[in-house]
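Me: I have a model open and want to learn how to read it. Can we go through it feature by feature?

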Amino acid sequence: MSQALQDLLDLLDLEQIEENIFRGQSRSAVVPRVFGGQVAAQALVAAGRTVPADRHAHSLHAYFLRPGDPGAPIVYTVERIRDGRSFTTRRAIAVQHGRPIFALSASFQTYEEGLDHQAPMPPAPDPVTLPTSQERLRGYDHIPAEIAEKFLQAREAVDLRYAEEPPYGKYGEPREPHSQVWFRTNGKLGGAIDEPLLHVVLATYVSDMTLLDSILLAHGRGGWAVGDVVGASLDHAMWFHRPFRADEWLLYDQESPSAYGGRGLGQARIYTQDGKLAVSVVQEGVVRVPRED
């Protein structure tokens, strides 16, 4: 396991300070606020720790309320909404400096047999043939070195590979609002930590990294790395359909059906390498063109 992955696992390992109350640490992101994937993943950890082990996360719905302060801890309070025979529902609120910054509702279910069908996995290149994040970012002369290093530091726990040029690599002309990314953790997971919730939490963490890319592609924008848009996540929803491992290759197939009024919508499906539909994701974000444009 890489040190970067161990550091991420430590970040997601919350301290329980009271029944239904947990505390997590933060760290700097590419932008001067807490990375949205971090707070979403930590909130899911908090909710999951109040649920019986035989109930697995099947959905989450969340709102980003305020920018998080990366220099301060985050306190998560969990409300036990419902414990039914098959489903358990939890609500988690993340608080900093006395104010809520994030709200999550999550549902958990015991395993049961049922109907089974899925959308087919789209064509995608073999991940091992694609450039790594380091190879891509360090190959762009138009991206300042300090920005490239921030991106790499933020993603060093994850091996994330774009199937085609990312928005910040090729911009200026509109492209199809569709993006594919392969990802897996930079290291294998095992031992006592190797539980289903951890894989779901890690996928939640990664899901906020690239989902709005397809909005940028539709308008020929390079994004935050080149400074031609400003924005932030507004809300986030995920449905976990089938078991998967975050330390094995997952295809993140993303598209944007709409952008309007300073907001853009991204939707995606995550597939295992053998073609199983594991997760569906939808996110809306603020995507604004800087005033000088």
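Me: Where is N20 found?

Reply: First, a caution: this is a predicted model. N20 is in the loop between β1 (15-18) and β2 (21-24).

Me: What is phi of N20?

Reply: N20 is not a glycine, yet its phi is positive, about 70°.

Me: Is N20 buried or exposed?

Reply: Buried means under 20% relative accessible area. N20 has 18% relative accessibility, so N20 counts as buried.

Me: Which loop holds H97, and is H97 buried or exposed?

Reply: H97 lies in the loop between β5 (87-96) and β6 (99-110). Exposed means over 50%. H97 has 61% relative accessibility, so H97 counts as exposed. Phi of H97 is also positive, near 50°, and H97 is a residue other than glycine.

Me: What about D54: where does D54 lie?

Reply: D54 lies in the loop between α2 (36-48) and β3 (55-64). Values between the buried and exposed cut-offs are called partly exposed. D54 has a relative accessible area of 47%, so D54 is partly exposed.

Me: Which residues is D54 in contact with, leaving aside neighbours within four places in sequence?

Reply: With that exclusion, D54 is in contact with Q109, T110 and Y111. D54 and P196 are 142 residues apart along the chain, and their C-alpha atoms are separated by 9.9 Å.

Me: Now a strand. Where is L60 found, and in which strand?

Reply: L60 is in strand β3. L60 has 0% relative accessibility, so L60 counts as buried.

Me: What does L60 touch, not counting residues up to four places away in sequence?

Reply: The list is L44, L104, S105, A106, T204, H236, A237, M238 and F240. Next, take a C-alpha pair. L60 and R90 are 30 residues apart in sequence and 9.5 Å apart in space.

Me: How should I read a nonpolar core?

Reply: Start with the general idea. In soluble globular proteins, nonpolar side chains tend to be buried together. Then look at the case here. The largest nonpolar core has 68 residues.

Me: Which residues in the largest nonpolar core touch the most other members?

Reply: They are V39, Y76, F102 and L104. Take L104 and leave aside neighbours within four places in sequence. L104 is then in contact with A40, A43, L44, A47, L60, H61, A62, R90, R91 and A92. A second, separate core has 7 residues, including L130, A163, W182 and W249.

Me: Zoom out. How many helices and strands does the chain have?

Reply: The chain has 6 helices and 12 strands.

Me: What is the radius of gyration of the chain, and what would a compact globule have?

Reply: The chain has 18 Å. A compact globule of 293 residues would have a radius of gyration near 19 Å, so the chain agrees with that. The C-alpha atoms fill a box of roughly 55 × 45 × 40 Å along the principal axes.

Me: What share of the residues is buried?

Reply: Buried residues make up 49% of the 293 residues. The chain exposes about 14,200 Å², and carbon and sulfur atoms supply 50% of that area.

Me: How many contacts link residues 24 or more positions apart?

Reply: Read this one as a share. Among contacts with a separation of 6 or more, residues 24 or more positions apart account for 73%.

Me: Last one. How many positive and negative side chains are there?

Reply: There are 29 positive and 38 negative side chains. The centres of the two sets lie 4 Å apart.

Definitions and conventions. Residues are numbered from 1 along each chain as its sequence is written. This is a predicted model: local features need pLDDT of at least 70, side-chain atom pairs count only at pLDDT 80 or more; totals for chains, interfaces and linings use all residues. Side-chain values use heavy atoms; hydrogens and water are left out. A nonpolar core is a set of buried Ala, Val, Leu, Ile, Met, Phe, Trp, Tyr and Cys residues joined through side-chain atoms within 4.5 Å. Buried means under 20% relative accessible area, exposed over 50%, partly exposed in between (1.4 Å probe, protein chains only). Contact means heavy atoms within 4.5 Å. Helices (H or I, at least four residues) and strands (E, at least two) are DSSP runs, numbered from the N terminus. The radius of gyration is taken over C-alpha atoms; the globule rule is 2.2 Å times the number of residues to the power 0.38. Accessible areas come from the Shrake-Rupley method with a 1.4 Å probe; for residues, only the protein chains shown count as cover. Lys and Arg count as positive and Asp and Glu as negative; His and the chain ends are not counted. The place of a charge is taken as NZ of Lys, CZ of Arg, CG of Asp or CD of Glu.
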